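Here is a short briefing on one protein model. Look through the sequence and the structure, then read the points below.

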Amino acid sequence: EFLGHHRYMKHLFDVMTTVGYHGNVVLIGRGANFVLPSQGGLNVRVIAPHHHRIERLMRDRNLTTSEAEKLLRQADADRAGFIRTFVHKDIAAAHHYDLVINTGGLSDETAVELILIALKRKVPVK
């Protein structure tokens, strides 16, 4: 059965809220940082320079430069459009996040370490 956009969003937000309430979860995307209370977790945005993102797409999905460019353009537009349409926010506004990490000059491992440090400081383990 097809769900209308508003019904889909209500279900999505209900699931995020339920999962977030139980804790010990990582929610990626779909505006979780706009739905859940910020004091209960850490809101992180991971960014990278355009050329790094293109190179990663080419490597991980075996794409040409042109294919990777097209896919990246569409994915960025879809993400921003989803948040703008359903949450009425700008996904790129840094003030919506506790931490913004540019992985252009950092390894994935370093980015994870930084996130874990920030999480432990913001939300101490009980």
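Where is the place of His96? His96 sits in the loop between helix 4 (65–86) and strand 2 (99–102). Helices (H or I, at least four residues) and strands (E, at least two) are DSSP runs, numbered from the N terminus.

This is a predicted model: local features need pLDDT of at least 70, side-chain atom pairs count only at pLDDT 80 or more, and totals for chains, interfaces and linings use all residues. Residues are numbered from 1 along each chain as its sequence is written, and side-chain values use heavy atoms, with hydrogens and water left out.

**His96**
- His96 counts as buried because its relative accessibility is 16%. Buried means under 20% relative accessible area, exposed over 50%, partly exposed in between (1.4 Å probe, protein chains only).
- Not counting residues up to four places away in sequence, His96 touches Asn33, Phe34, Asn43, Lys89 and Asp90. Contact means heavy atoms within 4.5 Å.

**The aromatic pair**
- A search of the whole structure finds one aromatic pair. The ring centres of Phe82 and Phe86 are 5.1 Å apart and their planes are at 55°, so this pair is tilted. Rings of Phe, Tyr and Trp (its six-membered ring) pair if their centres lie within 6.5 Å; planes under 30 degrees apart count as stacked, over 60 as edge-to-face and the rest as tilted.
- Both Phe82 and Phe86 belong to helix 4. They are four residues apart, about one turn of the helix.

**Phe82**
- Phe82 has 10% relative accessibility, so Phe82 counts as buried.
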